[in-house]
Amino acid sequence: MKDLEPSVAFYHEVPGLPEIENKTGRPHIRGFGLGPHRSLHLISGAAERPERRPPSTHFAVATRQFDETLARLVERRVPFGGFAGPDGQAQRRADGARQIYLQDPDGHWLEINDDA
């Protein structure tokens, strides 16, 4: 990622992930907790953002607070939707779980679902 701070703010404020201790001590690395023994690391230093990232290249997180997460996205006017694009609606997967897709400030795709 090119600029770390907008992505740090995004992951803290939008999905509400808790920032965890940076044990490396390196200022270009920040991390967020994804539950016990799992974390997301943001590392800056890319010269520029790729032109387009397909939604099929994403990572997924499950939450028991799916409806609250949707409300937070709407409140902050963050575009989200189904796999086909941002339409402000959740969709159902084949297994019945509700899901949405959105992009972080660097264009990385994130799926949030209620399969917790």
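The model here is a predicted one, with local features needing pLDDT of at least 70, side-chain atom pairs counting only at pLDDT 80 or more, and totals for chains, interfaces and linings using all residues. Residues are numbered from 1 along each chain as its sequence is written, and side-chain values use heavy atoms, with hydrogens and water left out.

On that sorting, the lining of the largest pocket splits into 6 nonpolar, 4 polar and 2 charged residues. A pocket is an open set of points on a 1 Å grid over the protein atoms alone, where a 1.4 Å probe fits, with protein on both sides within 12 Å along at least five of seven lines; lining residues have an atom within 4 Å of a point. The space in the largest pocket comes to about 270 Å³, taken as what is filled by probe spheres set on the points, which are joined across faces, edges and corners. Among its lining residues are P15, R38, R72 and I112.

Now for the rings. Phe, Tyr and Trp (its six-membered ring) pair if their centres lie within 6.5 Å, with planes under 30 degrees apart stacked, over 60 edge-to-face and the rest tilted. That rule gives 4 aromatic pairs. Y11 and F32 have ring centres 6.3 Å apart and planes at 40 degrees, so this pair is tilted. One aromatic cluster is formed by F10, Y11, F32 and F59.

Definitions and conventions: Ala, Val, Leu, Ile, Met, Phe, Trp, Tyr, Cys and Pro count as nonpolar, Asp, Glu, Lys and Arg as charged, and the others, Gly among them, as polar.
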